[in-house]
Amino acid sequence: MNFYKDISCAIFDLDGTLIESISAWREVDINFMKRRNLPIPDDFYDRVSTLNFSQAADYVIAECGVTDPKEVVMSEWLEELRYDYASVIEMVAGAKEFITKLHESGVKIALATASRPELFKPCLERHGVLNLFDVFVTTDEVKRKKGFPDVYLLAAEKAEVEPTTCAVFEDIYLGCVGAKAANMYTVGVLEEHSRDDWEKMRGVCDLIIEDYTKLV
């Protein structure tokens with residue numbers, strides 16, 4: 001696969017795929033539950049990895065013993081993460097250079113994320129790549145979470161390209177499953193926190209990478 005010639009649109013997940021933000025999320029989750037003297041369920045991270053803010057708030061209220069109103073939960077998460085996204089979180093090695101080269105080659109670039117614009121836009125702007133994106137899509141805009149093709153198909157639709165001409169970059173197994181279900185070339189990014197799923201990712205993805213340095 002020559003990404004600079006063989007695809008019309010590159011669709012990227014954000015957290016863990018383009019930026020090294022998973023540790024920040026883990027710290028927020030730990031502190032959030034600790035303040036409420038609640039344990040973190042063993043399958044907590046597997047459950048929330050495909051959810052957007054609203055769905056994650058519903059989950060912790062319904063199944064983790066959190067009694068705060070949903071709006072309070074989401075506001076608390078956002079407040080804790082704003083600084084990290086705007087000032088601290090770095091991009092995955094080679095990601096900026098890869099995106100820049102795709103843009104220069106005429107490939108459209110889309111973001112398909114469960115994150116919120118008030119987090120990802122300052123982060124991408126700080127790294128100088130925000131203006132390279134043609135399309136931004138969040139899972140708030142589709143009915144089904146990652147694990148299904150919806151968010152990737154919407155990204156292709158907004159980019160005005162055929163799904164079969166797209167490549168998706170994802171760091172979680174269910175994201176890769178959803179991308180394949182959209183009939184898109186699927187690249188799995190081996191992020192450390194998803195190590196337990198690496199073998200499953202290898203089984204579903206067309207290509208596996210550790211970072212973007214070898215693609216530049």
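**Notes on the predicted model**

1. The crossing of H1 and H4 is right-handed. Helix H1 spans residues 22–35 and helix H4 residues 70–88; their axes come within 10 Å and cross at roughly 140 degrees. Angles over 145 degrees would count as roughly antiparallel, so H1 and H4 are classed as oblique to each other.

2. Which residues form this helix contact? On the H1 side they are Ala24, Trp25, Val28, Asp29, Asn31, Phe32 and Arg35, and on the H4 side Val73, Glu76, Trp77, Glu80, Leu81, Asp84 and Tyr85. By class, the contact of H1 with H4 comprises eight nonpolar residues, one polar residue and five charged residues.

3. The sheet is open and has six strands, in the order S3-S2-S1-S4-S5-S6, with parallel pairing. Strand S3 (135–138) and strand S6 (207–209) are its edges, each pairing on one side only. On average, neighbouring strands of the sheet are turned by 20 degrees against each other, direction ignored. Helix H7 (residues 150–159) packs on the sheet, where H7 touches S1, S2, S3 and strand S4 (166–170). The direction of H7 makes about 155 degrees with that of S3.

4. Strand S1 deserves a separate point. S1 (residues 9–12) pairs with S2 (residues 108–113) in the parallel sense over four bridges. S1 and S4 also run parallel and are joined by four bridges. Cysteine 9 illustrates both pairings: lysine 108 is its bridge partner in S2, while cysteine 166 stands opposite cysteine 9 in S4. Alanine 10, in turn, stands opposite isoleucine 109 in S2.

5. Are the faces of S1 covered or open? Both are covered. Cys9 and Ile11 lie on one side, Ala10 and Phe12 lie on the other, and all are buried.

6. Threonine 17 is located in the loop between S1 and H1. Leaving aside neighbours within four places in sequence, threonine 17 is in contact with Val92, Phe169, Glu170, Asp171, Val189 and Tyr212. Threonine 17 and lysine 34 are 17 residues apart in sequence, and their C-alpha atoms are 28 Å apart in space.

7. Asparagine 37 has a positive phi of about 55 degrees, although it is not a glycine. Asparagine 37 belongs to the loop between H1 and helix H2 (44–48). With a relative accessible area of 70%, asparagine 37 is exposed.

8. Asparagine 183 likewise is not a glycine and has a positive phi, in this case of about 65 degrees. Its position is the loop between helix H8 (173–181) and strand S5 (185–189). Is asparagine 183 buried or exposed? Its relative accessibility is 53%, so asparagine 183 counts as exposed, the cut-off for that class being over 50%.

Definitions and conventions. Residues are numbered from 1 along each chain as its sequence is written. This is a predicted model: local features need pLDDT of at least 70, side-chain atom pairs count only at pLDDT 80 or more; totals for chains, interfaces and linings use all residues. Side-chain values use heavy atoms; hydrogens and water are left out. Two strands pair if DSSP finds at least two bridges between them. Helices (H or I, at least four residues) and strands (E, at least two) are DSSP runs, numbered from the N terminus. Axes are lines fitted to C-alpha atoms, for helices over the stretch in contact, and angles run from 0 to 180 degrees between N-to-C directions. Contact means heavy atoms within 4.5 Å. Angles under 35 degrees count as roughly parallel, over 145 as roughly antiparallel, 65 to 115 as roughly perpendicular and the rest as oblique. A crossing is left-handed if the near helix is turned anticlockwise from the far one by less than a right angle, and right-handed if clockwise. Ala, Val, Leu, Ile, Met, Phe, Trp, Tyr, Cys and Pro count as nonpolar, Asp, Glu, Lys and Arg as charged, and the others, Gly among them, as polar. Buried means under 20% relative accessible area, exposed over 50%, partly exposed in between (1.4 Å probe, protein chains only).
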